[in-house]
Amino acid sequence: MEKQWWQEEVIYQIYPKSFYDSNGDGIGDLRGITEKLDYLKDLGVTMLWICPIYKSPMDDNGYDISDYKAISEEFGTMEDSDRLISEAEKRKIKIIMDLVINHTSDEHEWFQTALKNPKSKYHDYYIFKDGKEPPNNWRSVFGGSVWEKVPGRDEFYFHSFGKKQPDLNWENPELREDLYKIVNWWLEKGIAGFRIDAITFIKKDLTWADREADGADNLARCTKAVRNQPGIIDFLNELNEKTFKPHNCFTVAEAAGVGYDELGNFIGDNGCFSVIFDFRYADLDIASGSEWYERIDWKISDLNKKIMESQLSMQKYGFSANFIENHDQPRATTKYLKENQNNSDAVKTLGAMYFFLKGLPFIYQGQELGMVNFERKCIEEFNDLSSIDQYYRSLQEEYSKEEALNFVNLRSRDNPRVPFPWNNEKYGGFSQNKPWLSMAEEYPKINAESQIGKSGSIYEFYKSMIGFRQKGKYRNCLIYGDIQPAESSENVIAYKRFTETEEIYCYFNFSGKNTVEQLSKGGYEQIWTTFGEAEISGDKLILKPFQSVLLKSKP
């Protein structure tokens, strides 16, 4: 694809509710983010993805929007958002926002008008069906039927996610035009683009027919009928032409369910978005992207295969969006490293492995500190709607309470959403008062203050790694070069980054033992390691436990 302005970005995702509380109410806010911009500048990131800050009743922590053109009071004011954009720009940091246009909150003015007046034009902004019983047996992503009865009427409304998140009716051109006005309004305020939430859900199977039940509740997961349905590309092309393209903005889509053979419609020179997330390797520990209790045993070789399949597929069309954590995923340290989650060498190798892939690296808040999952003792300690649903779904599928709690602890979306630990004080320096969600631990051993400026810390490792990729002598190959898998032993992930004039071989040892890797003939120069020096003996590369190394092939 042609070079684009956004291809050299390093993106840091902020969950504003949990980043930094500037006013002591236990909830992170926009002024808190602004106060910490120098921390982010020092780390080396160039773009911030801010999770939803719009006005919302917070049933799903901001992904249920009641007013797209207002800021939720707990986060601050529109002036605070303008100041954040301005102060970030002074530090050469761009801002992208979360765009949630598959659904709104049930408290949005459009939906409230639709409920009060079925003859209003806003009734057709959502999906309503007449009847005394739910129109079909589809299960929502957050559990239970996708249909919620309208009080006092023989009518149901549709929701792919929570019942307080009614889906918008994208079949209505008037609705689409109103959404485009909102998107353009934000772009004109000076943001650099959007992360687009659940966008592959906007097109439904309009037959509304029952599907084969797949659970003890006799329901069928709705993703089979409402995700990436035929005809969705028409909607996405229109969205792109009327909003993103005229502003030359950056977009990253949460595009679950997209086949690799369809990528040309989504990314690249003819795609609707700049990049999309691929969740196949993120969800390798569960049998389905929506059922946490269907656990899968996996090996590093399985992870290697999934990542390389994703990379090669994306490369055919453009760049990929590379991540190991986000606000919906558990901590990568716990998920991928398991019993080695607290081994800093292993954490660094995990970070390096994905950071040097082809595409844009995304860092989720706290990842640069090596944060790990918590362990909650009972379901009442959870806030996340999906976690609570999965717990009771597990019980319904006849797992024990202990098993159900284990599933939720492993995958809960509360894991990455805990308040950011700035220091080892009570509440981790996040707030002076009790936070909205309990910390991962009360006096956090893992915190920013203990790592900034400390040689060998995970924070300083990320800072150095970002600098090497962004400003080092090999930046052109590491940013723009193609990728190709390299032969490796079972517990090593290896690949080659290359241009017409340069080749860099990347090896990442996920074993607690020395490993010996076969090199092709020719000389090699070590240009980067996570620690120490790897040993090269003839055509053999000897990696220490959890060591990573980048080798440049000599001419």
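# Questions on a predicted model

Trainee: How far apart are the end C-alpha atoms of α3, and what span should its residues give?

Mentor: Helix α3 runs over residues 78-90, and at 1.5 Å a residue its 13 residues should span 18 Å. Just after the helix, Lys92 takes a positive phi of about 60 degrees.

Trainee: For helix α5, what does it reach from its first C-alpha to its last?

Mentor: Helix α5 covers residues 173-188, which makes 16 residues, and 22 Å is expected for it at 1.5 Å a residue. The model comes close to that value, with a reach of 23 Å.

Trainee: Which residue has a side-chain oxygen that reaches the backbone nitrogen of Glu174 at the start of α5?

Mentor: The two ends of α5 each have a feature to look at. Just after the helix, Gly190 takes a positive phi of about 115 degrees. At the start, the backbone nitrogen of Glu174 is reached to within 2.9 Å by a side-chain oxygen, and that oxygen belongs to Asn172.

Trainee: Is Thr104 buried or exposed?

Mentor: Thr104 lies in the loop between β5 (94-99) and α4 (109-116). Leaving aside neighbours within four places in sequence, Thr104 is in contact with Ile65, Tyr68, Tyr126, Lys164, Gln165, Pro166 and Leu168. With a relative accessible area of 0%, and with the cut-off for burial set at under 20%, Thr104 is buried.

Trainee: With which side chain does the side chain of Thr104 make a polar contact?

Mentor: Among the residues in contact with Thr104 are Tyr68 and Tyr126. The polar contact, at 2.8 Å, joins the side chain of Thr104 to the side chain of Tyr126.

Trainee: How many Å apart in space are Val150 and Leu115, C-alpha to C-alpha?

Mentor: Val150 sits in the loop between β8 (147-149) and β9 (155-158), and at 1% relative accessibility it counts as buried. Not counting residues up to four places away in sequence, Val150 touches Leu115, Phe128, Glu155, Phe156 and Tyr157. Although Val150 and Leu115 are 35 residues apart in sequence, their C-alpha atoms are separated by 7.6 Å.

Trainee: Which residues touch the most other members of the largest nonpolar core?

Mentor: The largest nonpolar core has 154 residues, and apart from it lies another core of 14 residues, among them Phe142, Phe156, Phe161 and Val226. In the largest core, the residues that touch the most other members are Tyr12, Phe194 and Phe356.

Trainee: What is the radius of gyration of the protein?

Mentor: The protein has 15 helices and 25 strands. For 555 residues the globule rule gives 24 Å, and the model is close to it, so the protein is as compact as a globular protein of that length. Its radius of gyration is 24 Å.

Notes
Residues are numbered from 1 along each chain as its sequence is written. This is a predicted model: local features need pLDDT of at least 70, side-chain atom pairs count only at pLDDT 80 or more; totals for chains, interfaces and linings use all residues. Side-chain values use heavy atoms; hydrogens and water are left out. A nonpolar core is a set of buried Ala, Val, Leu, Ile, Met, Phe, Trp, Tyr and Cys residues joined through side-chain atoms within 4.5 Å. Buried means under 20% relative accessible area, exposed over 50%, partly exposed in between (1.4 Å probe, protein chains only). Helices (H or I, at least four residues) and strands (E, at least two) are DSSP runs, numbered from the N terminus. The expected span of a helix is 1.5 Å times one less than its number of residues. A polar contact is a pair of N or O atoms within 3.5 Å; within protein, one must be able to donate a hydrogen and the other to accept it, and residues adjacent in sequence count only if both atoms are side-chain atoms. The radius of gyration is taken over C-alpha atoms; the globule rule is 2.2 Å times the number of residues to the power 0.38. Contact means heavy atoms within 4.5 Å.
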